[in-house]
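Q: Got a model open here. Can we walk through some of the strand pairing and then a pocket?

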Amino acid sequence: MPAHRSWTPSGPYDLARSLSVLRRGPGDPAFQVSADGAIWRASRTPEGAGTLRVVRRGEAVEAQAWGPGADWLLERLPALLGADDDPSAFTPRHRLVHEAHRRHPGLRLIRTGLVLESLIPSILEQKVTSDEAYRGWRLLLQRHGEPAPGPAERLRIMPDPRTWALIPSWEWHRAGVDAKRSSTILRAVRVARRLEEAAAMDLAAASARLQAIPGIGPWTAAETLQRSNGTPDAITVGDLHLPKIIGYALTGERGTDDAAMLELLAPYAGQRHRAARLIVLAGRVPPRRAPRFSVRDFRAI
């Protein structure tokens, strides 16, 4: 029988939008949305594999959990859903941001408390298209993960550190993951316990802990800590698109780089990640001037 818990947010709350950052593409084996709107997640917790189902019922969010990690997941349910986040600390400084903040009052920054489950897919997303990274994540979990406990079909638990370390080179190749990214993942899983400690650190210390691993830079650290720690100031730098989106949205100009983006976001010090999410939600993006990059097939190399 599954374990149960409910949580009632104070004020407006958007369950789907708050948790959407945990989904790695439409076919993510560790994240599913069922026909009734329930969100299913498969996680490897310190207590073992666990499956979590959450759904909005009136004012409350109802949760069920299965597996050895069920109690761990339910104990941390409020933090996962954004209870530790304080949206009142945010003050919009631009008209567009004010409008996005008004339109999305239920957005919360979530906190999983699990570093590796966000770090590994973030490494897979380094310097490649989203479709390419999502494909690699999907294939690796399907081939090397394990079925998630509970009734959800096709839900998979991410491999444990030892299993990641034993994946042969041709399996990375088959998943379209080059040697640079697979080597970074292998270095990370060798010190998985030390990296998981970053979930309890402040932003500076946690970022430094992650970036001590060769191949993990500011981009990967920020993308990870936004999810594992729910840090409102973990702004992503080194991204191909984000500076251009923020620059165009706030100034109407193209070609914004990281330095200019950080200058534009300076009024949101302490809340730059939240500001960036709201700006992206506003939907004002520069028109495309070139076709999208095609997905590379490393199997043909």
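Q: Which residue is the bridge partner of R56 in β5?
A: V61 is the partner of R56. This is a predicted model, where local features need pLDDT of at least 70, side-chain atom pairs count only at pLDDT 80 or more, and totals for chains, interfaces and linings use all residues. Residues are numbered from 1 along each chain as its sequence is written, and side-chain values use heavy atoms, without hydrogens and water.

Q: How do β4 and β5 pair?
A: Strand β4 (residues 48-57) runs antiparallel to β5, over seven bridges. Strands are DSSP E runs of at least two residues, helices H or I runs of at least four, numbered from the N terminus. Strands pair if DSSP finds at least two bridges between them.

Q: What about the turn of that hairpin?
A: Two residues lie between the strands, and G58 takes a positive phi near 65 degrees.

Q: And β1 with β5?
A: Antiparallel too, over five bridges, with β1 spanning residues 3-7. R5 has A63 as its bridge partner in β5.

Q: Why is β5 largely enclosed?
A: Because six of its seven residues (60-66) are buried, meaning under 20% relative accessible area with a 1.4 Å probe, protein chains only.

Q: Switching topic. What is the volume of the second largest pocket?
A: About 300 Å³.

Q: Which residues are closest to its centre?
A: R44, T45, P46, L114 and E196, out of 16 lining residues.

Q: Which element gives the most to the lining?
A: α10, with three residues.

Note on methods
On a 1 Å grid over the protein atoms alone, a cavity is a set of points where a 1.4 Å probe fits but cannot get out, and a pocket is an open set with protein on both sides within 12 Å along at least five of seven lines; lining residues have an atom within 4 Å of a point. Grid points are joined across faces, edges and corners, and a volume is the space filled by probe spheres set on the points. Buried means under 20% relative accessible area, exposed over 50%, partly exposed in between (1.4 Å probe, protein chains only).
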